[in-house]
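Please examine the sequence and the structure shown below.

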Amino acid sequence: MFYYSSKLFGLRGVDEHKHLNTDQFDLGVDQRGKYINFKGRASKTYKGGLNQRHLSAKNIKHYFQNDELYEIYEYYFQLVGSLKGNCFYRRPLDSKNGVKFGEQPIGVNKLSSIMKTMCADAGVEGYFTNHSGKRTCATTLYQAGIPEQEIMNRTGYRSVESVRKYKRAADDMLKDIKDISNVLEPEAIPFKKNEM
């Protein structure tokens, strides 16, 4: 959940993740297909207040190109939806009867190192931090030719200069929100509900 929430919504390292709540997400279906809507809150680049009255928190609608990722989010919300509180990240429990999560949220220390741990466990070499998810989001969109303003909307960067660090040459510019969603997802994900 951490990786895809970082990549799809361009979430910052720890600050956006540690305050993430399940009520910030809505799953749905419309004429374009299945989607997840993310409603952001205060973050490093958006704290609200008079100085930022012209800014708004992220509000991202991501359309799924494959049903498996939609089903992963749907299943996760089913599992954590019955728990007390609305914290998004919950401690996984050892269970012989499938996937289960505890009432306790994942701690800030665990969240701080989760990307590094995931990459090491997967055998991916390099230097990875939680910011790598946001960087992956921006770079992937740039390589696909998504306009700078759309990348700023998705990642929360406020300046074009910040976004241009990720710029790569692209021949075609995609313009539809469904195209943007398709760029961020893998082509297929093998998913079994009891192996999450």
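Which residue takes a positive phi in the hairpin of β4 and β5? It is G98, with a phi near 105°, in a hairpin that has six residues between the strands. This is a predicted model, in which local features need pLDDT of at least 70, side-chain atom pairs count only at pLDDT 80 or more, and totals for chains, interfaces and linings use all residues. Residues are numbered from 1 along each chain as its sequence is written, and side-chain values use heavy atoms, with hydrogens and water left out.

**Strand hairpin**
- Strands β4 (residues 90-93) and β5 (residues 100-105) run antiparallel and are joined by three bridges; strands are DSSP runs of E with at least two residues, and helices are runs of H or I with at least four, numbered from the N terminus.
- Two strands pair if DSSP finds at least two bridges between them.
- P92 stands opposite F101 in β5.

**Helix contact**
- Helix α6 (residues 131-143) packs against helix α9 (residues 177-184) at an angle of about 120°, and their axes are 9 Å apart.
- The contact (heavy atoms within 4.5 Å) involves C137, T140 and L141 of α6 together with I180, V183 and L184 of α9.

**Confidence**
- The average pLDDT (the predictor's confidence in each residue, from 0 to 100) is 82 for the chain, and 85% of the residues score at least 70.
- Over residues 168-174, pLDDT stays under 50.
- Where pLDDT is low, the predicted coordinates should not be read in detail.
- Confidence is highest in strand β1 (residues 25-30), at 96, and lowest in α9, at a mean of 78.

Notes. Axes fitted to C-alpha atoms, helices over the stretch in contact; angles between N-to-C directions.
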